[in-house]
Amino acid sequence: MTDQQPDSREPTEAELREQLEKVRVQDVVIQTIVSIVNLSAAKADDKVQLQVGIEASKALLALVRDELGDDAKAFDDAVAQLQLAYAQAPAAAAAPESGATAPAAEPGGPGPAQSSGKLWIPGQ
């Protein structure tokens, strides 16, 4: 029996195009959801990361729910686990890293969005 070496040559452009034609966008979206859920679970102590992961997963799931069929429940369960982790994560994990807090609004004065100059108000 001879040892067969794996083919170490680079694929040709035609081979790459052929492989690319087989891949569907839905498959990439589903794999992306899996990656987001796994990464979010690994970042379970960071509420900001969890929130982004939850929202991204939910948005992408809406695009491929029909494609998933019966497997959609497993994805929904995974997102539910992330939501549970978010609810159980310490509130301090959501605080800005700089330690700065927003100043309290003065009664009768402009709120924080308006006083920051980032809020557009018609006529002003």
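This report looks at the salt bridges in the structure above.

The model is predicted, so to speak of local features takes a pLDDT of at least 70, side-chain atom pairs count only at pLDDT 80 or more, and totals for chains, interfaces and linings use all residues. Residues are numbered from 1 along each chain as its sequence is written, and side-chain values use heavy atoms, with hydrogens and water left out.

Side chains of opposite charge can pair when their charged atoms come close. Here, a salt bridge means a side-chain nitrogen of Lys or Arg within 4 Å of a carboxyl oxygen of Asp or Glu. That rule gives eight salt bridges.

| Pair | N to O distance |
|---|---|
| E13 and R17 | 2.6 Å |
| R24 and D27 | 3.1 Å |
| R65 and D76 | 2.9 Å |

Let's start with E13 and R17. Both sit in helix 1 (residues 13-22), four residues apart, or about one turn of the helix. Helices here are DSSP runs of H or I with at least four residues, numbered from the N terminus. E13 is exposed, at 53% relative accessible area. Exposed means over 50%, buried under 20%, and partly exposed in between, using a 1.4 Å probe and protein chains only.

Now for R65 and D76, whose side chains meet in a salt bridge. This pair ties together distant parts of the chain: R65 belongs to helix 3 (residues 47-68) and D76 to helix 4 (residues 72-88), eleven residues apart. R65 is partly exposed at 35%, and D76 is partly exposed at 31%.

What about R24 and D27? R24 is partly exposed at 34%, and D27 is partly exposed at 34%. Together with E67, R24 and D27 are linked in a network of salt bridges.

Conventions: Helix = DSSP H or I, 4+ residues; strand = E, 2+ residues; numbered from the N terminus.
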